[in-house]
Amino acid sequence: MENRELWASLNMDLEKHDDFLSGLPGVFTSLFLDRPNRPKAMGYFDMIVGDIHGIRVKELVALKEKGHKVFSTFCVYVPEEIIAAAGSACIGLCAGAQYTVPAGEKVLPRNMCPLVKSTMGFKLERICPYFQVSDWVIGETTCDGKKKAWELLNDYIPTYVMELPQKKKLADTAFWEHEVKEFAAFIEQETKVKLTGDNLAEGIRKINNKRAALKRLAALRKASPAPIHGLDVLLINQLAFFDDPERFAGQVNSLCDELEERIERKEGIAAENAPRILITGTPQPIPAWKIHALIERAGGVVVGEETCTGERYYKDLTEPAEAADQMLSNIAKRPLNVNCACFTPNTGRLEDIVTMANDLHADGVIDFTLQFCQPYSVESYTVGKELDQQNIPHLKLESDFSEEDQGQLKTRIDAFLEMLK
């Protein structure tokens with residue numbers, strides 16, 4: 001099936017979809033393909049982005065034709081292992097483009113997180129094939145904006161909401177475990193697949209392998225000179241939410257093999273004295289590449305992301321177990337180690353930032369927050385205070401998905417990198 005035939009079968013607005021994608025090839029070429037000395041193994045990820053609304057979408061349609069389901073998500077707290085165990089697909093959703101924000105603002109307030117507005121716009125405009133191929137959206141209550149947006153989204157696509165606790169005490173852990181087991185029952189009901197010790201073990205293995213590959217890649221970024229651009233790693237992290245997990249893990253490991261050879265040869269993509277930057281803050285879903293691009297065009301190199309499109313997604317694996325019930329308990333425990341700003345208190349995130357900055361030999365930290373993201377905006381104060389105490393230089397940035405403020409951001413980033421030099 002050709003792409004346009006595929007998109008038409010999914011009831012997409014082809015005119016708006018064409019308009020949305022029209023500028024992507026040029027942007028991707030200038031940001032990624034024109035860069036010198038990129039690893040050869042990046043060719044696979046470039047190919048996936050080059051046909052991002054084709055290759056994987058066709059696979060999902062074929063999966064559905066075999067009687068399986070497609071569940072789409074926005075958050076690292078949704079337990080992929082359970083969906084994988086049922087033989088279904090768990091995918092991320094388009095959420096990082098300014099193009100769909102005006103459509104989202106038709107039903108959502110303007111002074112709301114652009115990620116939520118962009119997501120809503122993709123569905124209202126029927127531009128995202130991943131939305132169109134999904135049977136269910138799995139939402140979560142990581143912020144009030146999302147929580148209320150799910151009520152509206154449910155008018156357009158069935159939306160299941162997982163309620164996340166706001167603390168990490170024993171009672172909260174028990175609450176979340178119950179929520180995960182309820183979700184498992186929901187998946188059984190929707191897929192008509194009984195979750196067993198065998199298929200849960202396979203689901204855990206599959207998703208653990210993906211996360212382990214990303215952990216391996218992250219560890220290689222400690223090397224100096226940096227063996228890979230941070231922008232390339234961001235792209236890989238973004239695609240982790242879309243691609244087939246087993247194929248993806250294999251491709252990431254192949255890239256790591258190549259990077260280990262580069263490190264052995266002391267071959268880098270930037271000079272050894274290039275300022276090394278750790279990014280913390282809100283996630284940057286595809287195609288949000290602005291901040292990384294500005295940093296690396298200015299002569300810095302991004303060596304890590306303490307974000308949900310970074311370390312938070314893969315830093316912990318799910319512990320194996322013998323019995324199905326214990327497997328579900330372990331699946332519930334893993335995401336509670338993720339230190340999202342929705343939790344209070346959230347001292348674990350401060351520890352994560354400092355540990356990553358030290359381990360990755362970062363010269364400075366950029367705390368990036370999407371406009372109107374209250375949890376991370378408020379937490380920026382405590383992040384800055386902790387970094388001051390640790391004598392780690394830092395810069396706070398706030399933006400959206402538009403290109404209008406690139407000049408201002410560039411000026412501030414240039415000055416910060418110059419200070420680090």
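Modeller: Ala, Val, Leu, Ile, Met, Phe, Trp, Tyr, Cys and Pro count as nonpolar, Asp, Glu, Lys and Arg as charged, and the others, Gly among them, as polar. The model is predicted: local features need pLDDT of at least 70, side-chain atom pairs pLDDT 80 or more, and totals for chains, interfaces and linings use all residues. Residues are numbered from 1 along each chain as its sequence is written, and side-chain values use heavy atoms, without hydrogens and water.

Biologist: Which residues lie nearest the centre of the largest pocket?

Modeller: Rolling a probe the size of a water molecule over the atoms shows where empty space is left. Here Cys113, Val116, Thr142, Cys143 and Lys146 lie nearest the centre, among 47 lining residues. (A pocket is an open set of points on a 1 Å grid over the protein atoms alone, where a 1.4 Å probe fits, with protein on both sides within 12 Å along at least five of seven lines; lining residues have an atom within 4 Å of a point.)

Biologist: How do the residues of that lining divide?

Modeller: The lining of the largest pocket has 30 nonpolar, eleven polar and six charged residues. In the second largest pocket, 29 residues form the lining, and Val27, Pro287, Trp289, Phe401 and Glu403 are closest to the centre.

Biologist: In what order do the four strands of the open sheet stand?

Modeller: Strands of a sheet pair through backbone hydrogen bonds, either parallel or antiparallel. This sheet is parallel, in the order 6-5-7-8. Strand 6 (301-306) and strand 8 (394-399) each have a single partner, so one side of each lacks a neighbour in the sheet. (Strands are DSSP runs of E, at least two residues, numbered from the N terminus; two pair if DSSP finds at least two bridges between them.) Strand 5 (276-281) pairs with strand 6 over five bridges, and Leu278 stands opposite Gly304 in strand 6.
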